[in-house]
Amino acid sequence: MRDAERVERLIGYLVREIVEKPSQVSVNMVRDQPKKVLAEVRAAKQDMGRLIGRRGRTANAIRTLAQIVCDDDWIVEIEFLD
């Protein structure tokens, strides 16, 4: 689960740096299957637009960075919830 912990720390750091209210950010890691994790990111409603970005570019960049941190055989999914 070492990869999941690294992903959680990375996502938490990135999201807290992007939003205006970092105290309202929470990242919950759910292990669906072996070698697959789901990160549920919660933030204030007014910050969701910043997290997703235009045409989802910011969200996709966060997903790409999270996948890079993991080994090649891991699958990382991120859901942005308000």
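The model is predicted, so to speak from the record: local features need pLDDT of at least 70, side-chain atom pairs count only at pLDDT 80 or more, and totals for chains, interfaces and linings use all residues. Numbering starts from 1 along each chain as its sequence is written, and side-chain values use heavy atoms, with hydrogens and water left out.

The sheet to begin with. Strands here are DSSP E runs of at least two residues; helices are H or I runs of at least four. Pairing takes at least two DSSP bridges.

Now the pairs. β1 and β2 (residues 36-42) run antiparallel over seven bridges. Q33 has K36 in β2 as its bridge partner. β2 and β3 are parallel, over seven bridges. There, R42 stands opposite L81 in β3.

Last, the helix pair. α1 and α3 (residues 57-69) pack at about 150°, axes 9 Å apart. That makes them roughly antiparallel, a term for angles over 145 degrees. α1 meets α3 through residues including L10, L14 and I18, with I62 and L65 among the partners; contact means heavy atoms within 4.5 Å. By class, that contact has 10 nonpolar, one polar and two charged residues.

Definitions and conventions:
Axes fitted to C-alpha atoms, helices over the stretch in contact; angles between N-to-C directions. Parallel < 35°, antiparallel > 145°, perpendicular 65-115°, else oblique. Nonpolar A, V, L, I, M, F, W, Y, C, P; charged D, E, K, R; others polar.
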